[in-house]
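Please read the numbered points alongside the sequence and the model.

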Amino acid sequence: MNQEEFARRTQAMRQTLYRTAYLYLGREADALEAVDEAVYQALRALGQLREAAFFETWLTRILLNTCHRELRRRNRFHPGGEDALPDTAGPDAYDGLPLREAVGRLPEELRAVVILRFFTGYTQSETAQALGIPQGTVATRQRKALALLRLELGEEDGA
């Protein structure tokens, strides 16, 4: 893949990448920075891409790694974790939903599956490839995550 095709395909994915990073990091500025960093890292590693057909999941995997590094950095510099930081995200209707908070409280491995499957629109196969896990594991984590979300959102409705 040449740099021109890289730029074209990256631009086509930009919204999906941003949405994924925003769901992981919860803030507009952090999401934009993570997308930029992931695109930069991908461009530097373009020679390591074995098949152009897997470009989208390859770039998504780089983005997820970038988001994980940012979350680790937050925890290191802010011992209270994400909740200790003020929410400076832009106006997004999804922000106020209890679903966003519930997804944010899921364990990392379950949250990754939910974000990729339901908010980014990846298939189970694409999610498995992006996360580097078997497709059966994706299905199991998806079931667990949905059960936890139903339980949590059902409790909030009853309160």
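Is the crossing of α1 and α5 left-handed or right-handed? The crossing of these two helices is right-handed, and point 5 returns to this pair.

1. Basis of the note. This is a predicted model, in which local features need pLDDT of at least 70, side-chain atom pairs count only at pLDDT 80 or more, and totals for chains, interfaces and linings use all residues. Residues are numbered from 1 along each chain as its sequence is written, and side-chain values use heavy atoms, with hydrogens and water left out.

2. Overall make-up. The chain contains seven helices and zero strands (DSSP runs, H or I of at least four residues for helices and E of at least two for strands, numbered from the N terminus). Of its 159 residues, 43% are buried (under 20% relative accessible area, with a 1.4 Å probe and protein chains only). Contacts are heavy atoms within 4.5 Å; among those with a separation of 6 or more, 66% join residues 24 or more positions apart.

3. Helices α1 and α2. Helix α1 spans residues 3-25 and helix α2 residues 28-44; their axes come within 8 Å and cross at roughly 145° (lines fitted to C-alpha atoms over the stretch in contact, with angles from 0 to 180 degrees between N-to-C directions). The contact includes Phe 6, Leu 17 and Tyr 18 of α1, and Leu 32, Val 35 and Val 39 of α2. Its residues divide into 13 nonpolar, two polar and four charged (Ala, Val, Leu, Ile, Met, Phe, Trp, Tyr, Cys and Pro count as nonpolar, Asp, Glu, Lys and Arg as charged, and the others, Gly among them, as polar).

4. Thr 20. This residue is found in helix α1. Thr 20 is buried, with a relative accessible area of 1%. Leaving aside neighbours within four places in sequence, Thr 20 is in contact with Leu 63, Leu 64, Ile 115, Leu 116 and Thr 120.

5. Helices α1 and α5. Helix α5 covers residues 108-119, and α1 packs with α5 at an angle of about 150°, with the axes 10 Å apart. The pair is therefore roughly antiparallel (angles over 145 degrees). On the α1 side the contact is made by Arg 19, Thr 20, Leu 23 and Tyr 24, and on the α5 side by Glu 108, Arg 111, Ala 112, Ile 115, Leu 116 and Phe 119. These residues divide into six nonpolar, one polar and three charged. As stated at the outset, the crossing is right-handed (the near helix is turned clockwise from the far one by less than a right angle).

Conventions: Buried < 20%, exposed > 50% of the residue type's maximum accessible area, 1.4 Å probe, protein only. Parallel < 35°, antiparallel > 145°, perpendicular 65-115°, else oblique.
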